[in-house]
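Here are my notes for someone opening this structure for the first time. Have the view ready and follow along point by point.

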Amino acid sequence: MASSVVRATVRAVSKRKIQATRAALTLTPSAVQKIKQLLKDQPEHVGVKVGVRTRGCNGLSYTLEYTKSKGDSDEEVVQDGVRVFIEKKAQLTLLGTEMDYVEDKLSSEFVFNNPNIKGTCGCGESFNI
């Protein structure tokens, strides 16, 4: 019988809850529907890419653009048939964020409900972490 090089130990642990990992980004049903609608008009694109750029009075601002493929360092989120890619620079800033699409009488926009934000500007277009 051959001797084992690797050993494993098993321990029974009680009163320990397993916590689900947080998704990088979750989409509300209205955001999913809007992205599907936008991509229907852009058949050559496979999804949308979310990023952050340095601008505005508070430091960072979100960007959204169509994308034809997943970048080498992009994080991919697939939800209800919609593909959203997160640029490497934005991955840590978006961790645990909910992406929503909101329409009212005067405007329609994607809204990022981000628990990591420490402050925003008065107009709500830029933030800091």
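1. Ground rules. This is a predicted model, where local features need pLDDT of at least 70 and side-chain atom pairs count only at pLDDT 80 or more, while totals for chains, interfaces and linings use all residues. Residues are numbered from 1 along each chain as its sequence is written, and side-chain values use heavy atoms, with hydrogens and water left out.

2. The core. Start with the largest nonpolar core, which has 20 residues. By that I mean buried Ala, Val, Leu, Ile, Met, Phe, Trp, Tyr and Cys residues joined through side-chain atoms within 4.5 Å; buried is under 20% relative accessible area, exposed over 50%, and partly exposed in between, with a 1.4 Å probe and protein chains only. Leu25, Leu27, Ile35, Val84, Ile86 and Leu94 have the most contacts inside this core. Two or more residues each come from strand 1 (25–27), helix 1 (29–40), strand 2 (47–54), strand 5 (82–86) and strand 6 (97–103). Helix 1 gives the largest share, four residues. Helices (H or I, at least four residues) and strands (E, at least two) are DSSP runs, numbered from the N terminus.

3. Three strands make an open sheet in the order 1-6-7, with mixed pairing; two strands pair if DSSP finds at least two bridges between them. Strand 1 and strand 7 (108–113) are the edges, each pairing on one side only. From one strand to the next the twist averages 25°. Six bridges join strand 6 and strand 7 in the antiparallel sense, and Val102 sits opposite Glu109 in strand 7.

4. The helix on the sheet. Helix 1 lies across strands 1, 6 and 7, at about 70° to strand 6. Contact here means heavy atoms within 4.5 Å; axes are lines fitted to C-alpha atoms, for helices over the stretch in contact, and angles run from 0 to 180 degrees between N-to-C directions.

5. Asp80 has a positive phi of about 50° although it is not a glycine. Asp80 is in the loop between strand 4 (75–79) and strand 5, and is exposed, with a relative accessible area of 53%.
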